[in-house]
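Me: I would like to go through the labels used for this model and ask what each one rests on. Please set the value against the definition each time.

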Amino acid sequence: MHVVILAGGRGVRLRPYTTSLPKPLVPIGDEYAILDIILRQLRSYGFTSVTLAIGHLGSLIRAFVGDGAQWDLAVDYAEEDKPLSTIGPMFNILDQLPEHFLVMNGDVLTDLDYGMLLRGHIASEAPLTVATYNRQVKIDFGCLEAVDGTIVSFSEKPTLDYSVSMGIYGMSRKTLAPYPKGVAFGFDDLVLDLLARNEPPSSHLFTGYWLDIGRPDDYDEANRTFDQIKPLLLPRPRLPEDVVPSATPSPSPPVSTWR
């Protein structure tokens, strides 16, 4: 399975942390970079190859990741000479990608099973599958609806429920084939175009842990709670390949191992 990780943004909302580091490399818990966590997770869910779409401070990402061998992944790079938004980077490398692949932002912390998402996308035959999360937004004002100058409804400080994109998508080459190379094209542009063409995307609703590291408050929250969320985010270590349970019965209690 293959994934394209979008790591070319300038991380403006996360300044000053991103003044000298690209956002995927900011440290979490003084131990791991966000991108390190993501790559570990992807390998544990069965992904074997990665394309990193880089731009701003991309040389630092290249230096950190290299060829991906330390994660047992094959990593290549797609470098932007101008910002191409969320979906645009795929247009230039489409002929190098498999028919179905994952696309994700390089600043997401979640325990979503990436492999399950991609397999579900392939099975659904949808043009696009969006990992979604339910959010509640508290409005701190009384909300009015008026028609022709007359108030027809009122709600005091309501809580609104929204289904939001997690920044992780199941994608297919045939969906992106009609679009020209070198064009800045966002996720919003793609969804609106698919809806206009009566080719609706599919939703993959997720209810586990998800945090988009978009603002300093989000980053501070990730670091503050990292000891609690670390078991969710990091895959369990594997035993060495030469350490396997014996198939021969023995009087000693059986040793439980997991892979």
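Reply: Eight salt bridges are counted, taking a salt bridge as a side-chain nitrogen of Lys or Arg within 4 Å of a carboxyl oxygen of Asp or Glu. This is a predicted model, in which local features need pLDDT of at least 70 and side-chain atom pairs count only at pLDDT 80 or more, while totals for chains, interfaces and linings use all residues. Residues are numbered from 1 along each chain as its sequence is written, and side-chain values use heavy atoms, with hydrogens and water left out.

Me: Why is the pair Lys23 and Asp107 called a salt bridge?

Reply: The closest N and O atoms of Lys23 and Asp107 are 2.7 Å apart, and the limit is 4 Å, so the pair qualifies. Lys23 sits in the loop between β1 (2–7) and β2 (27–28), and Asp107 in the loop between β6 (100–105) and β7 (108–110), so the bridge ties together parts 84 residues apart in sequence. Helices (H or I, at least four residues) and strands (E, at least two) are DSSP runs, numbered from the N terminus.

Me: What makes Lys23 and Asp107 buried?

Reply: Buried means under 20% relative accessible area, exposed over 50%, and partly exposed in between, with a 1.4 Å probe and protein chains only. Lys23 has 13% and Asp107 has 8%, so both fall under the 20% cut-off.

Me: How do you know that Glu31 and Lys230 form a salt bridge, and what does the pair tie together?

Reply: The closest N and O atoms of Glu31 and Lys230 are 3.3 Å apart, which is within 4 Å. Glu31 lies in the loop between β2 and β3 (32–33) and Lys230 in helix α8 (residues 226–233), so parts 199 residues apart in sequence are tied together. Glu31, at 47% relative accessible area, and Lys230, at 27%, count as partly exposed.

Me: Which residues belong to the network that includes Arg197 and Glu199?

Reply: The side chains of Arg197 and Glu199 meet in a salt bridge at 3.2 Å, N to O. Salt bridges with shared partners join Asp193, Arg197 and Glu199 into one network. Arg197 is partly exposed at 33%, as is Glu199 at 31%.

Me: What makes a set of residues a nonpolar core?

Reply: A nonpolar core is a set of buried Ala, Val, Leu, Ile, Met, Phe, Trp, Tyr and Cys residues joined through side-chain atoms within 4.5 Å. The largest one here has 46 residues, of which Ile5, Leu42, Leu52 and Ile168 touch the most other members. Helix α1 (residues 34–44) gives the most to this core, with six residues. Apart from it lies another core, of 23 residues, among them Ile93, Leu94, Tyr169 and Phe185.

Me: Why is Ser172 called buried, and what does its side chain meet?

Reply: Ser172, in strand β11, has a relative accessible area of 1%, and is therefore buried. Its side chain makes a polar contact with the side chain of His121 at 2.8 Å. A polar contact is a pair of N or O atoms within 3.5 Å; within protein, one must be able to donate a hydrogen and the other to accept it, and residues adjacent in sequence count only if both atoms are side-chain atoms.

Me: What makes one face of helix α7 the buried one?

Reply: In α7 (residues 216–224), Asp218, Tyr219 and Ala222 are buried. Seen down the axis of α7, the buried residues fall within an arc of 100°, so they line one face of the helix; the arc is that of the directions from the helix axis to the C-beta atoms. The face turned away from the buried side carries the exposed residues Asp217 and Arg224.
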